Amino acid sequence: MFQNPLKAKTGRNDPCPCGSAKKFKKCCMNKDAYDPSALKDLYYKQYKIRLKNQKDIQKLRKAGQLVINTLDLVEKNLCAGMKTEEINTLVHEYTIAHKAIPAPLNYRGFPKSVCVSVNEVICHGIPGEQVLNDGDIVNVDVTSILDGYYADASKTFFIGKGGREAISLVDIARECLKRGIKKAQPGKTLGDIGWAIQSYAEQSGCSVVREFVGHGIGFDFHEAPQVPHYGQKGEGIKLVPGMVFTIEPMINLGKKDLRILPDKWTAVTKDNSLSAQFEQTIIITEDGCESLTPYEL
């Protein structure tokens, strides 16, 4: 059973964090777990985090499966000579055909239905006339809205045969996501996730982008909490069942610094080094976590 996440931080005579107006010692101190509805109210009140119930999870699984099917379609069609606009067309038409909405389209002015980030582009690459060449790495980031629920995932693919450094970077980025997901457990913290990612990336000779982070998702594109891919063990918000968020580390072969291009969207490495990313949407469960956009890492 999931244990009370705030016992260690709440004094006996402090107000109970469940909101009952009683002292902690006369309310939840001796309870093994919060009532789910009290926990839901507490996390929204303190952090603006909207915990999801079983009905929500079922809807999110369906949205997540559509995202994975879309990425699979893209992977089957990627080839040298392809324009990034063609990836946008694939994603847009497939999403609409499945009675869903591509979340990026017109989001805060973003002009396309998918983000396509090639080589030194960290994230938010805008599809267009750029032609993919043999040896390129390309991240495709898909977010779909199905029946009002959002799911988000991305993968970095090779065009043809990748070079030695590119292969190493992509492997490290994949492992970073894998290690982050392993720390997504009830009772752990957001800092535990960030520490696992940062420590592995840096010991592997790479860097972690700071300006862009994971995020809560489900009812909206971006919800609380923010999920940094760097941090310290034990710091940050404790993870509780019903939390849904993305883990999406952006790993640079060179330094972590970036710049934004004049289109005000495309983020690139400042030193023009390669960047790679993998992302999944996960939910914290009573005894671990589940990927709502599962693919093999």
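## Salt bridges

Nine salt bridges occur in the structure, which is a predicted model. In one of them, the side chains of Glu223 and Arg50 meet at 3.5 Å, N to O. This pair joins distant parts of the chain, 173 residues apart: Glu223 belongs to strand 8, and Arg50 to the loop between helix 1 (36-47) and helix 2 (54-77). Glu223 is buried, at 9% relative accessible area, whereas Arg50 is partly exposed, at 34%. Lys52 is linked with Arg50 and Glu223 in a network of salt bridges.

Helix 2 contributes Lys59 to a bridge with Asp147, which lies in the loop between strand 4 and strand 5 (149-158), 88 residues apart. The N to O distance is 4.0 Å. Asp147 is exposed, at 51%, and Lys59 is partly exposed, at 27%.

Arg61 and Glu290 form a salt bridge of 2.7 Å, N to O. Arg61 is in helix 2 and Glu290 in strand 15 (residues 289-291), so the bridge ties together parts 229 residues apart in sequence. Arg61 is partly exposed, at 36%, as is Glu290, at 25%.

## Largest pocket

The largest pocket holds about 540 Å³ of space. Its lining has 24 residues, with Tyr107, His124, Phe212, His215 and His222 nearest the centre. Strand 4 (137-146), strand 7 and strand 8 (223-227) each give two or more residues to this lining. By type, the lining comprises 10 nonpolar, seven polar and seven charged residues.

## His215

His215 sits in strand 7 (residues 214-216) and is buried, with a relative accessible area of 6%. A polar atom of the His215 side chain lies 3.2 Å from the backbone oxygen of Phe221. Residues that His215 touches include Asp152, His222, Glu223 and Glu279.

Definitions and conventions: Residues numbered from 1 in each chain as written. Predicted model: local features only at pLDDT ≥ 70, side-chain atom pairs only at ≥ 80, totals over all residues. Heavy atoms only, no water. Helix = DSSP H or I, 4+ residues; strand = E, 2+ residues; numbered from the N terminus. Buried < 20%, exposed > 50% of the residue type's maximum accessible area, 1.4 Å probe, protein only. Polar contact = N/O pair within 3.5 Å; in protein donor to acceptor, adjacent residues only side chain to side chain. Contact = heavy atoms within 4.5 Å. 1 Å grid on protein atoms, 1.4 Å probe; cavity = no way out; pocket = protein on both sides within 12 Å on 5 of 7 lines; lining within 4 Å. Points joined across faces, edges and corners; volume = space filled by probe spheres on them. Nonpolar A, V, L, I, M, F, W, Y, C, P; charged D, E, K, R; others polar. Lists of a residue's contacts leave out its neighbours within four places in sequence.
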